[in-house]
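Keep the structure in view as you read.

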Amino acid sequence: MSKIEEVKAKVEAGKSKLVPVLVQEALDEGSAPAEILQAMVDSMGVVGDKFSSGEIFVPEMLIAAKAMSKGVEVLKPLMAGDGSASLGTCIIGTVAGDLHDIGKNLVSMMIESAGFDMVDLGVDVPADTFVQAVRDNANVKLVACSGLLTTTMPALKEAVQTIKTAYPDLKVIVGGAPVTPEYATEVGADGYAPDAGSAAVKAKELVTA
Amino acid sequence: MLTKRQNLLETIKGGNPDRFVKQYEFMNLIMEAPIGAMCGPGQTIKNGWGITFTWPEGQLGGFPIHDDAHKVLKDITDWRSQVKAPAVESSDEAWAAAVAHANAVDRNEEFVTAFVAPGIFEMTHHLMSMEDALMALYEEPEAMHDLIDYLVEYELAYAEEMVSRLHPDCIFHHDDWGSQRSSFVSPEMFEEFFVPAYKKIYGFYKDNGVELIVHHSDSYAANLVPAMIEMGIDIWQGVMTTNNVPELIKKYGGQISFMGDIDSGVIDFPGWTPEIVFEKTKEACERCGKLYFIPGASHGLNFGCFPGVYESNDEAIDKMSALMF
């Protein structure tokens, strides 16, 4: 098994102590940082698919994401300023009036693993704060809004519409337990995902289309 | 006409109920027991474990806060110095209202039901956040086993005090084990960490006169049903439609019963109508049938989030009883 293949396998298995060592070994063998990063992104794609299909559960996804982030730490100094490695910045938050953060955090982790730079606004985020964050951050390509309550669906709609009014071409993805693909379309979002694995796939699809 | 208690037992034992059990009607919930501080609407509180909860006005529930300033358990390997269980309340005064309530219940008609929340899994993530708790199951399994043992010991100490005073017939125990789409952990991990804990807890209750264990998890957890049976759960309350309840009844009816199959989110929302409630109730009753099934919203207590929904659901169940019995 090549070093890069080992990196892929250990990210998928969530070996956060081994991955940085293997990443360093792959670099020492002459692999390019971008190649190693892509291997880890691919690996997290597999993790996301397995989560979406029910083959693995949240802990397995969490430890895989942690393992990847440990590997990325090794690569970061070598890739500083290399914009080609990033899919852009993604602003994420749970909408106003809603304090649920678990699903949003998982989605954030998986979108980051797909190659985005994340700006997490946390929970209970007013619509205007999303817009301000787009203004304040460079290279924003995507905004992800989460809503877990039937009572905060109006806030989700307001967030999407406020963002779209300010930045009509910016892609917006929505999710959360009561959200459906139909609802996403109705409120003007560009994409919907039912779980964290699918969110990463959809996020990538939206900004690379 | 059977009493509420008799009708429930006929339903879950595969006998001859004379109507659908109507949501929580068989449980007379003793909510006065000194189980610890609970967060109400518009409040922010710190409970006996040091966990801070906040419930924003106008929202549907409270949430533990897990920023650096509020997280109780920051390092699982150091849990012994960071987690301190509160004292179990043991004064007569503290229990007086609960005892008076329990004594006033007609036990031929209803089950005197003690309410217990949060559960063991919930306690782990209330103390340290969901992400930390779930990763610790992989990264520090020995420490997690020890922490869970500590939480179980506390619950057993509370249970001993509570059982000696209330002599409950039924325990209604919360512990959410999944999202609406999947269980939080795999059945294997659940078997390793949580089944032994609940075998001790529910075993204690059953050994001390409790006839019925009703466990609340308003989630997907179909993959955990064999574990629920092993733990001694009689009724899984909160079962959501994503679980394919008719299939669960077919597979496990007689070993466990299912209460729910009406997702709260589709009937209990600002724009609810009696017609929507009836439609969803009818669907649930018709697909699940009369045995091993109790129709009701997945919500974990005997009220709705929006005024009138719970009562409307009761009326819909009455109509379905008239149509199907």
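Which residue is the bridge partner of B:Phe258 in strand 10 of chain B? The partner is B:Phe293. This is a predicted model, in which local features need pLDDT of at least 70, side-chain atom pairs count only at pLDDT 80 or more, and totals for chains, interfaces and linings use all residues. Residues are numbered from 1 along each chain as its sequence is written, and chains are lettered from A and ligands numbered from 1 in the order in which they are written.

Pairing requires at least two DSSP bridges between two strands. Helices (H or I, at least four residues) and strands (E, at least two) are DSSP runs, numbered from the N terminus. The open sheet has seven parallel strands in the order 1-5-6-7-8-9-10 (chain B). Its edges are strand 1 (27-30) and strand 10 (293-297) of chain B.

Stay with strand 9 of chain B. It holds B:Asp261, a non-glycine with a positive phi of about 65°. B:Asp261 is buried, with 28 other C-beta atoms within 10 Å; the cut-offs are 20 or more for buried, 12 or fewer for exposed, and partly exposed in between, with C-beta atoms placed from the backbone.

B:Ser129 also has a positive phi, near 85°. It sits in the loop between helix 4 and helix 5 (130-139) of chain B. B:Ser129 is buried, with 23 other C-beta atoms within 10 Å.

Now look at B:Pro118, in the loop between strand 5 (111-116) and helix 4 (120-128) of chain B. The peptide bond from B:Ala117 to B:Pro118 is cis, with omega near -5°.
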